[in-house]
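This briefing concerns the pairing of charged side chains. Please consider the sequence and structure shown here.

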Amino acid sequence: SSSNSLRKGELGIGDVVMEPLADVWGDSRARINNTMDNSLEPLPSSSVVCRAVSAASGQESEQYNVVTNNCEHFASWCRNDWAVSKQVAMVATQVMQVVVEVATIKARPVIMLGMLCLEGAKWIGKGKQSGK
């Protein structure tokens, strides 16, 4: 493939470049993914192109960040005026699930200790009452 996308080290990682789509695709399979159109009205085609061109010319470009400003963020910003990455959101959700599970597992001994303390306090309280 003669795509400039593969020469990120030379061009700067995350730089927006204009090149023929066939050069980017090469022999790869591609599909159109406009799933955000179900929840957000897409901008007119001319606006989408204008945004992409302005980013390629350096007018509307923020620093690349895999979590907060990647190619999916860029595409959704161009098309729907909302920079979001469903891939990042999905990974973040999975990470949060793991964190919650770990917190739950680590909390169990503390909960059990607390329950034992309560039962012990009840037992001591019953002993004091019966001793009166």
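The points below describe the salt bridges and their surroundings.

This is a predicted model, in which local features need pLDDT of at least 70 and side-chain atom pairs count only at pLDDT 80 or more, while totals for chains, interfaces and linings use all residues. Residues are numbered from 1 along each chain as its sequence is written, and side-chain values use heavy atoms, with hydrogens and water left out.

The structure holds 3 salt bridges, a salt bridge being a side-chain nitrogen of Lys or Arg within 4 Å of a carboxyl oxygen of Asp or Glu. Side chains of opposite charge can pair when their charged atoms come close.

**Pairs between separate elements**

- Asp37 and Arg79 form a salt bridge with an N to O distance of 2.5 Å.
- Because Asp37 lies in the loop between helix H2 (21-25) and helix H3 (45-56), and Arg79 in helix H4 (residues 71-80), this pair ties together parts that are 42 residues apart in sequence.
- Helices (H or I, at least four residues) are DSSP runs, numbered from the N terminus.
- Arg51 and Asp81 also meet in a salt bridge, at 2.7 Å from N to O.
- Arg51 belongs to helix H3 and Asp81 to the loop between H4 and helix H5 (86-131), so the pair links parts 30 residues apart in sequence.

- Glu119 forms a salt bridge with Lys122, and their closest N and O atoms are 3.4 Å apart.
- Both residues, Glu119 and Lys122, lie in helix H5, 3 residues apart, about one turn of the helix.

**Accessibility**

- Asp37 is partly exposed at 23% relative accessibility, where partly exposed means between the limits for buried (under 20% relative accessible area) and exposed (over 50%), with a 1.4 Å probe and protein chains only.
- Arg79 is partly exposed at 25%.
- Asp81 is partly exposed at 45%.
- Glu119 is partly exposed at 46%.

Note on methods
Helices (H or I, at least four residues) and strands (E, at least two) are DSSP runs, numbered from the N terminus.
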